Amino acid sequence: MNKQMVLAAAALASIGLIGWAAYEMLSPGESSQTSQNEVSRQTAGLNAALAQGAMATFDLTEGRPSLPLDMQIQGPDGTMTLGDLRGQVLLINLWAEWCAPCIEEMPTLAALEADMGSADFRVVPISIDRSPVAQAQTVLEKFKAANLTTLADPSMRLMGDLGIIGLPATLLVDREGREIGRLVGPADWNSPDAKALVKAALAS
């Protein structure tokens, strides 16, 4: 092999290496873009169900951030984490016994659970009172929501971790534990608008 052929082969090898390196550098970005596109696709199906009637103040959460899945809370059978709830679309409602609007809307959440609760969807109240979960459950039974099983966060950390400053606050969460959107303040969760929102989340 003469000198020119050797140089040509070396040049081709260099081009190949550069191309491989460029591919490796671009791949993470492409993967990230694919992930963002997937979130956008999932979110697109929810648009038609937003900003209507009882759900007029529901806001989509940009990028579907994950909940603090390692956050410990009290369940009926002992300590658990938010991560234990993954696998279903969830409507997580933060409430307190001293919060009059929370108590007022609770029967509508119970009605939504009765109508749409399934292996794929669940209404999850979380009490942020300092009282234990068993006491919080008796409050639900008192206010016509006995079909709901409440969890509890006596530490009251969850509101801060989620950036919530008022109650009630209700988060729609996908099967991976990512926040689709939230509504702060009371709402009629047994309304056609609320049910349309849940159906869109289930289909996304």
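Where in α2 does a kink of about 35 degrees lie? The kink is at M106, shortly before the proline P107; the bend is the angle between axes fitted to the seven residues ending at a residue and the seven starting there. This is a predicted model, in which local features need pLDDT of at least 70 and side-chain atom pairs count only at pLDDT 80 or more, while totals for chains, interfaces and linings use all residues. Residues are numbered from 1 along each chain as its sequence is written, and side-chain values use heavy atoms, with hydrogens and water left out.

**Helix α2**
- Helices (H or I, at least four residues) and strands (E, at least two) are DSSP runs numbered from the N terminus.
- Buried residues (under 20% relative accessible area, 1.4 Å probe, protein chains only) of α2 include C102, E105, M106 and L109.
- The buried residues of α2 pack against β4, β5, α3, β7 and α5.

**Nonpolar core**
- A nonpolar core is a set of buried Ala, Val, Leu, Ile, Met, Phe, Trp, Tyr and Cys residues joined through side-chain atoms within 4.5 Å.
- The largest one has 54 residues, of which I92, L94 and W189 touch the most other members.
- Helix α2 supplies its largest share, 7 residues.

**R182**
- R182 lies in strand β8 and counts as buried because its relative accessibility is 19%.
- The side chains of R182 and E179 form a polar contact of 2.8 Å (a pair of N or O atoms within 3.5 Å; within protein, one must be able to donate a hydrogen and the other to accept it, and residues adjacent in sequence count only if both atoms are side-chain atoms).

Note on methods:
Buried < 20%, exposed > 50% of the residue type's maximum accessible area, 1.4 Å probe, protein only. Contact = heavy atoms within 4.5 Å.
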